[in-house]
Each structure stands twice: as C-alpha cells, then as structure tokens.
Amino acid sequence: MTLSFTQYNDLVSSSRQKMTESILVVDKLGRLVQVSEVFASRLGYNSEELRQMSILEIAPTFDFESFFSSLRTKETLYYETELLIRRRCSKNILVSFFVTREVLSDQEFFVIHINEMRLAAEYAENETTLKKQNELLRFLIDEVPSPLVVKNYDGKFVLTNKAVAELYGVSSPESMVGKDDGDYIPDKELADFFYNNVRQIMDKGKTQTVFEDSIDVNTGEVRNFQSMKKPFVNESGEKHILLIATDVTELRKIQSDLEEQKDMFRQVINEFPSPFLVKDYDGKFVLTNKTLADLYNVVDPDSMIGKDDSDYIPHLKHAENFKHNVRSIMDKGETEVVYEDSFDVNTGQRRHYMSIKKPFFNQQGEHRILVIANDITSMRKAENTLMQYEKIMSISHDFLAYVDKDYMYQAVNDTYLNAFQLSREEIVGKTARYLFGDEFFYEVMRPKFDIALQGKEVSFETWVSFPEHGKRFVDVSYHPYFAKDNVKVEGIVVKINDVTERYEAQEKLRHMADHDILTGLPNRRLFSERLSCALKRAQRHECEVAVFFIDLDRFKVINDSLGHSVGDKLLQKISNRLLSHIRESDTLARSGGDEFLLLLEDFNGPESVVSVCEKFLKGLSQVFRIEEHELFVTASIGVSLFPYDAGSEKELIQSADAAMYQAKKLGRNSYQLSNEALRLKVTERFHLENNLRTGLDNDEFQLFYQPQIDLKTRQVVGSEALIRWFHPKSGMIPPDKFIPIAEECGVIIPLGQWVLYEACRQMQEWRREGYELDFISVNVSGNQLIQSNFTSIVKDCLAMTQLPPHYLELEITESYLMSDTKEVSRQLQVLRDLGVHVAVDDFGTSYSSLRYLQQLPISKLKIDRSFVNDVPDDKGDCAIVKTIIDLANNLGINVIAEGIEEEPQEAFLLSQGCYLVQGFMYSKPVDAMTFGQTFFLK
C-alpha cells in the first residue's frame, strides 16, 4: 500500500509533532509505505526505490514485530531508541529516532521520526578508544600506592583509587563515587574537618601540603598522613580538589622516639655547669649546651647548630684561632688541655678557660671534637690587675686607659673614670664598644686601634659625648705597649685631651672667612666653591644647576634716606625671608651690597626655577618693619641654567647677572631666564596647565575607542577607552603632551574620574542598545591608584552607570604596580572582589618581577608596542614576546598585544598563542558613534 501525498501529510500532522524532515511510515507488516526524500538521499536511494522495500531490508537487526507490538500495549504513543541502518554504500549509519503509532482510515501505521544520524564505524571506534583510555587511567590510578582522591565542592568523592577503598574497608573504588568521608568514618568531627578543610582550600585556590590524621576503618587505627591538596576548576566551571595522601605513621613514630631520646640527652648536658660542645672539622657547632648559649647570649642552644664562633664573637681573629686550634687537635688525634680566652657576649667581658679537647670520629667517619671548658677568669684576673694598674699610673694624669689587643679595657685612671662618670668595675674587662657604641667603635676607633697594634702611634681628632659636658672635641692618641721583647704589641695606651676651645676658635675664624659678617650668609668665595662642586656633580650625573642673581630695586634710596643702620637691619631681615623660601640643601649667599646669589640643585625642570622666583618676589612684597619704619622692597632676579647657558662657574654668574639687568629694564620687580627657549617652554607649560583646569568644565575632552580583536573568531571582543583633548584654539592636543602635566599638577584625579565614568556610561549605553562587548578597558594613573578612596570612586561610577563590574577592565602600568606592592595589592584585591578585572599595561618595559605577578590579582598582561614593532624580523623582540606569552599562559593570565600594524606581526602572535590584539591594522581610535557604526552595524 502506498500513501498519497495528502494522506502522508495528514498522517505526519496527526502524529506527535513535525520535528524533522527525516520520516519513514511503516505499515503493520513492516513495509515502507512512505519515505521522506531527505532520509532517502542520506541512504543513497530515492523515495520511490525505498517504497518497494521493507524495514528489514534497510534495518536487518530491527525486530519490528515485537517492537510495534510492545508499542500497541503502552499507554504512551511513542517510543525512542537507536537503530543501525544499512546504506547503499558500504558505510552504515547509526540513527536516533522515536516512533508514534497512528490510525488512518482504520489502517494502523507506525511513523518513525529520525532525530540524528552518524557513521556507525566512527561512533564505535570512538567508544572503543575512550573505553581503552578510561581503563588505562583507572589502572594507573589504582597502581598509585598512596590514597588518591578527587572531591567536588560538597566533599563528595568524584574519583578514588584502591588505596582509599582499602583504607575505608570498601571493595570497589567506584562504589565510593557520590559519597563522602562521613559515610565511612565513624568520627563525625573528623569527617566535618575534612569537609571544611577542602572547601577552604578550594576557596583560596592555592595548593597546600598538610599533615592530618584519618582512620583505618578495617582496624580502627588512627593513621598519620602528609597530604598534598591541589584545587582546580573543571570544564563546567565547578570547583574540585585533588588529594594525594602519603602514610607517614611509622615515620612519625620513629621521629617521636628519637625526639624523646634527644630531649633526655639535652636535659643531661644542659645541667652541666661548664660550656660543653661538639664541633666538626670546619669549626661548626654540632652540639652545644645551655652554659655555652648563656655565654654567647643565645636563648636556644639548638639555634647555634651549624654556626661557628665568628657568628657570636665580634673578634674574627679570635674566632679563627679557635677554628685552627680544633683542626690541629683533630689532625693529631690526641686529647689536649688548652688555656684559651673567649667572650661573654652579654657583658662584652673576656673570660679565661682551661679547656679539655678530645677528638673522635662519628659513625659516618667524620672528624668531631668534644670540648669541655672550665672558667678560670677570676684566677687570671687577680694575677694581672696589679701589673696593668702600675703601668697605667706611671705615664700621666690625663685621660688615660690601657686597652689590650682584644680592645678590652684592662685599666683606666681616675680622670678617665670621672669624665665618663663610671666606676672602675663598670669599665674594666669590657670592650671600647661598650663605652662608645657599635657605630663609633667600628667606624672610628677600631681601624686606628688596628694600626696601633702593628706598632705605630696614631693621633686623630673627633667629637665625643661626655655625660656631664655633652659633646666635646678631643685629641686622641694611641701608643702601642710592647712586651718585654719590645717586638710584640700587647696592648694600647689611650690618651685623650679636650681641645674644644681651640677647635671653636678655629671654626670661628673659618666661618668669618667664608661668610658675610652682617647676614651670616655664605660670601661670594664660599658660593663659588660650592658652585664649582655642584657643576662637577652635574657633569657626572648629567643633571641641571641653576644660578640666581638677585638685586634689590632702589635699595640705595633707603640707605641714603634712612641711614646705613636701617639698611643693614633691612638686609638681615631680607636674608631671613629669602632663606624661609628655600631648602636647607640650597645655598643663598650675599655677593655684596644689595646683591644676593642662590645656587639650586636637584630640581624638577624650569618650572621649579620659576616657582622659586615667584616665591621670592611674593615674599619680598610683604612689609618690613624696621624701628618705626614700614619698608617695602622689590627685587630683580636673573637666572642662568647649566648646561644650557654656560659651562663654567664664572660664565653662569655672568649670564644670571645679564638676565637680572634685563629684568630691571623691563620694569623691575620681575625675573628673567637667560635662555629664551626655556622661557618659552615654561610659558607654554603654564598656559597648558591653566587650560587643563578649565578644559573639564568646558567639555573639551572626549573619549575615543580602539577595538580589541579575538584572532580565533575575528570578532571585536573589547575596546580600550582613550582620552582626547580638543582645545578651542589649539585644536587636538596629544595625550603624551598633557597627561604628564595633569599628573604633576593634580588635574589627573578629576580627569581620570571623568574618563572612568564616561567609559562605563558608554559601555552601558551600548549594552542597552543590544551591542555586546566582553569588556571595556580604561587606563588608570598611579596618582589615582594611591588615592585612599579610589575603590569607592570605581564603585560609584559602576553604580551611577549601572554597568556590571565584570565588564570593566582597569589598565595600570607596570611601574606603578611595583611602587608600593602592599598598598596596591590591598586596592586591587578590593577591585577583584568587586568583579573588576586588572590588566598590566606596558608589560616588560619596567623591572618585571614574577613575585608581584603572583602576589597581585592580575587578570591580563599587555605586551608593549615597543616589543611588537619589529617582530618577526628581530630575534630579540621575538624571544621577549614569546617569553611573556609563555609566562602568562603558565600563570593562567590572559595576554594581549598592542600596536599591530602588519600581517606578519599578527601571524607571529597567532603562532605563539596570543589571540587578543589591537592596533592600526584593525582600526585607529575612533569616537563612540563611529565605533558603533563600524563594529556593531555591519
């Protein structure tokens, strides 16, 4: 029976729904009464040929009688399954279909709806491959001797191995999937701890290695494990964690037993009243006791292990003697009794010891030596005190002291003690470092001590602080004290004389020679000397020096009318007022009469020079009150700059003098720069700064947008917002010209806030119009980032524009990110928690650090255009770009390259795995309207 077209359509329409064009109609005898052309063509037939066939001829494995019979008995009117279909060609196909039972004109028909068709061989091959891979993976996982587990965020097992199953008394690892520790561990607290612990690690997103306990369900025994826990996110974005646990139960037990024995042995040797120690062949401590630790001012004796005497004794030579002595005894292999000295670090006091030293070999055959030292200091001290005291008193009654070759006071006279207000007991036996402090001892005294110890007398002058008289200038001399053989130096006799009065008289004469008597300022001679030194520094460091020539206007009138007394007092007040407007490092000098000179170093360009001039003129414009007179003074100032105006001291002063006279010609009470180009530069900068301040209010700024392209899809996925300034008179002013000035004068803060708001507003406007980008990128100045309320400003901009935070990306230059990593990290963490992305701009142009990439919440690196310009021709740039891309990929950070202008550049980046790009090759920055028409309305 063959159905007509009308009957066929009626039959299909009356079925469940017309879901596909691949339809077969079969009668109750299995004959094909109607076939769609789509299905017939897929089998290599036409529909007429198939209508001459039965269902078994194209699907020989299909038991249609029992299938249709079961369908008749079911309440549902359809049945869905898969079926292997024979094609005219050799390759069969596997189809997914469902069947509905229909009755037309009292005739029963079955309508087969084909949903999906695919090659059967390919499907089988893929299934076989996947099965083999899964079997291999299961075998490898089960062969791992340590428990291996993968859990989801709810603590449920996703994967386990045999070691875990055996630990929990389970026969099949697969049976554990979907369960958690609580299903096997009777201790609920332990199971809850495992659950909370893995959640915390997954939330932090960092791998951890922890020591923890679990229970062997078979024996009920607690086992100790060292577990590596690595969180990850699967392809569906779900949090999981991999755990590999190594059983360290036996190792921990052995360690516990060893620690108990070690503690017992430590207690015994710590009770020993004398220093007790063992050293290796290099003089390093292998064992020490508390008595030795106390001697070296160490709290924990074990902290000394691996160190030697030089780590505690300030006298390296003494420490070296210890090292050579123990080596010599170990080489001989015989026990020796040695008389030697050491130091009590707590008091700085030298101690005398009779030491028993016994060499031996450890189990590894390494040299060791046992040392037990008995303190005989009191006995030795009694022998030496009288002899040393007699030596000291026989020399003089000045400030005298005797210091031994270890820099320790052995005797002092009463004058010395009185000067420092110390008793003999407080100083004898201590080092000079105790009295004068580390810095003075090591930098001033010790180098000269060492010269005297070589047999040479040393004299020098220095400042010393005395308890009663404060700082005094003293003359110090060190005289070597020789042994009886007159060859070996045993110590130093120290003699100190107070020469403060002589020094002050010399300094007064020196000051008078270098300074103006009236004002106390440096005179021209001292100014010239300092200028000469400044020029040498400037030449060495390639920096600028400024010389100011300041002349008071009509000062002669005040002198002639009010007298020189008033004029002198006025000069003094003018000097003080000028000094109040400069730094301590600057030099203000009185050249003579009513003329002053100023030397300026370490300043920020011509604008700093202008700022000083304006401060001077403004300061001098305030009234001066001298006796009953109220005086007003103005000045003419000329400035010359090294290296622009002159290269020598004399020429710089002459240039400044000439500029000063130019200021007088122009009406006085003004300043002039010697260099015309600098004057124009300063004027232009001031105008630009003033225009910047009014530009925001006058809506002179506009944002342009440059697309960012995904090379894999060739679609625009983002845009960078770039500011442009359209001045009503000057036209378009480039960003590299006004942005640095905006940062210097502080305008960058309100300007940057406007840019952030406008970019968010435009992005949200595009979204409302149905135009979707993944993100919009906004450049942020370091001056904005250090503002304490920066994150609040970002939140406000997002709230006012209603832009979801994940659409916003902030670009911050690498140099700013590294300036204050702790504060920057805090700010960026708040932004990341908010959902805002952070990109590192100009990456690689500063001192790139892997540490800050790990510490800071960064989502993208932007390869600077300077590296992209010459790829793929420049091998060096190619290597840098490849390294940055690999680094980003390894750290899980996105990467984008800017400045793409040619196809070879794009091809190279694509080959290296960099898929995000921007540059003139795709589009120059354009206004918002042009951007929308170009990239949204194609």
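The model is predicted, so local features need pLDDT of at least 70 and side-chain atom pairs count only at pLDDT 80 or more, while totals for chains, interfaces and linings use all residues. Residues are numbered from 1 along each chain as its sequence is written, and side-chain values use heavy atoms, with hydrogens and water left out. Helices (H or I, at least four residues) and strands (E, at least two) are DSSP runs, numbered from the N terminus.

Five strands form an open sheet in the order E22-E23-E21-E26-E27, with mixed pairing. Two strands pair if DSSP finds at least two bridges between them. Strand E22 (587-592) and strand E27 (671-673) are the edge strands, each pairing on one side only. On average, neighbouring strands of this sheet are turned by 20 degrees against each other, direction ignored. Strand E26 (residues 635-642) pairs with E27 in the parallel sense over three bridges. Here isoleucine 637 stands opposite tyrosine 671 in E27. Helix H18 (residues 524-541) packs on the sheet and touches strand E21 (545-552), E22, strand E23 (595-600) and E26. Contact means heavy atoms within 4.5 Å. The direction of H18 makes about 25 degrees with that of E23. Axes are lines fitted to C-alpha atoms, for helices over the stretch in contact, and angles run from 0 to 180 degrees between N-to-C directions.

Helix H33 (residues 903-911) buries Gln905, Glu906, Phe908 and Leu909. Buried means under 20% relative accessible area, exposed over 50%, and partly exposed in between (1.4 Å probe, protein chains only). Seen down the axis of H33, the buried residues fall within an arc of 165 degrees, so they line one face of the helix. The arc is that of the directions from the helix axis to the C-beta atoms. Glu903 and Ser911 are exposed on the other side of H33. The cover over the buried residues includes helix H31 (865-868), helix H32 (875-891), strand E35 (894-897) and strand E36 (916-917). Just after H33, glycine 913 has a positive phi of about 90 degrees.

The axes of helix H20 (residues 564-579) and helix H21 (residues 605-620) come within 10 Å and cross at roughly 140 degrees. Ile574, Arg577 and Leu578 in H20 meet Phe616, Gly619 and Leu620 in H21.

Strand E15 (residues 367-375) runs antiparallel to strand E11 (residues 276-280), joined by five bridges. Nine bridges join E15 to strand E14 (residues 349-361), also antiparallel. E14 and E15 form a hairpin with five residues between them.
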